[in-house]
Amino acid sequence: MQVISADADEEILEIFIEEADEELQKLTAFIPIWVASSEVNDYLADIRRSFHTLKGSGRMVGAMAIGEYAWVLESLANNLSDGTVEPNDTVKSVLSN
């Protein structure tokens with residue numbers, strides 16, 4: 001399965017890989033903190049922002065599966081922020097994994 005478009009610009013692809021690595025490091029740091037204390041919405045905002053970045057940059061390089069996956073998780077974070085989804089164990093597990 002091809003994850004990134006074959007005609008992706010090499011320079012943009014390199015930037016995407018660096019940016020994705022940075023965002024994944026942030027998510028690795030922020031998600032466990034939020035899971036431990038889901039009332040801390042500052043971390044949830046950072047989590048949402050990282051998924052938003054992954055969504056946009058993934059789509060830009062043609063990594064549509066990554067972009068769509070990040071969009072789903074960004075939407076989940078948005079729903080947590082606005083209170084339409086409760087931060088239950090299942091939701092915390094999804095974000096943690």
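Q: Where is the place of Ser57?

A: Ser57 sits in helix H2. The model is a predicted one.

Q: Why is Ser57 called buried?

A: The relative accessible area of Ser57 is 6%. Buried means under 20%. Ser57 therefore counts as buried.

Q: What makes the pairing of Ser57 and Glu19 a polar contact?

A: The two side chains come to 3.2 Å. The cut-off is a pair of N or O atoms within 3.5 Å. So the pair of Ser57 and Glu19 qualifies as a polar contact.

Q: Which residues does Ser57 touch, not counting residues up to four places away in sequence?

A: Ser57 touches Phe16 and Glu19.

Q: How many salt bridges does the structure hold?

A: There are five salt bridges.

Q: What makes Asp46 and Arg49 a salt bridge?

A: Their closest N and O atoms are 2.7 Å apart. A salt bridge needs a side-chain nitrogen of Lys or Arg within 4 Å of a carboxyl oxygen of Asp or Glu. The pair of Asp46 and Arg49 therefore qualifies.

Q: Where do Asp46 and Arg49 lie?

A: Both are in helix H2. They are three residues apart, about one turn of the helix.

Q: Why is Asp46 called partly exposed?

A: Asp46 has a relative accessible area of 22%. Buried means under 20%, exposed over 50%, and partly exposed in between. So Asp46 falls in the partly exposed class. Arg49, with 43%, is partly exposed too.

Q: How do you know that Lys55 and Glu74 meet in a salt bridge?

A: The N to O distance for Lys55 and Glu74 is 3.0 Å. The limit is within 4 Å. The pair therefore counts as a salt bridge.

Q: What does the pair of Lys55 and Glu74 link?

A: The pair links distant parts of the chain. Lys55 is in helix H2 and Glu74 is in helix H3, 19 residues apart.

Q: Why are Lys55 and Glu74 called buried?

A: Lys55 has a relative accessible area of 13%. For Glu74 the value is 5%. Buried means under 20%. Lys55 and Glu74 therefore both count as buried.

Q: What makes Arg59 and Glu68 a salt bridge?

A: Their side chains meet at 2.8 Å, N to O. The cut-off is within 4 Å. So the pair of Arg59 and Glu68 qualifies. Arg59 is partly exposed at 33%. Glu68 is partly exposed at 35%.

Q: Which residues do salt bridges that share partners join into one network?

A: The network joins Arg48, Lys55 and Glu74.

Q: How do you know that the span of helix H3 agrees with its number of residues?

A: H3 covers residues 64-82, which is 19 residues. At 1.5 Å a residue, H3 should span 27 Å. Its end C-alpha atoms are 27 Å apart, so the two values agree.

Q: Which residues of H3 are buried, and what covers them?

A: The buried residues are Gly67, Ala70, Leu73, Glu74, Leu76, Ala77 and Leu80. Their cover includes helix H1 (10-36), helix H2 (41-60) and helix H4 (89-96).

Q: Which residues have the most contacts inside the largest nonpolar core?

A: They are Phe51, Leu80 and Leu95, in a core of 19 residues. H1, H2, H3 and H4 each supply at least two residues of this core. H1 gives the most, with six residues.

Q: Which residues is Leu80 in contact with, leaving aside its neighbours within four places in sequence?

A: Leu80 is in contact with Trp34, Leu44, Val85, Glu86, Pro87, Val91 and Leu95.

Q: Why does Lys92 have no salt bridge?

A: Lys92 is in helix H4. The nearest side chain of opposite charge, Asp89, is 5.0 Å away. A salt bridge must be within 4 Å. So Lys92 has no salt bridge, yet Lys92 is buried.

Q: Why is Thr84 called exposed?

A: Thr84 has a relative accessible area of 56%. Exposed means over 50%. Thr84 therefore counts as exposed. Thr84 is found in the loop between H3 and H4.

Q: What makes the pairing of Thr84 and Asp82 a polar contact?

A: A distance of 2.8 Å joins the two side chains. The cut-off is within 3.5 Å. So Thr84 and Asp82 qualify.

Definitions and conventions. Residues numbered from 1 in each chain as written. Predicted model: local features only at pLDDT ≥ 70, side-chain atom pairs only at ≥ 80, totals over all residues. Heavy atoms only, no water. Helix = DSSP H or I, 4+ residues; strand = E, 2+ residues; numbered from the N terminus. Expected span 1.5 Å × (residues − 1). Buried < 20%, exposed > 50% of the residue type's maximum accessible area, 1.4 Å probe, protein only. Contact = heavy atoms within 4.5 Å. Lys, Arg positive; Asp, Glu negative; His and termini not counted. Polar contact = N/O pair within 3.5 Å; in protein donor to acceptor, adjacent residues only side chain to side chain. Core = buried A, V, L, I, M, F, W, Y, C linked by side-chain atoms within 4.5 Å.
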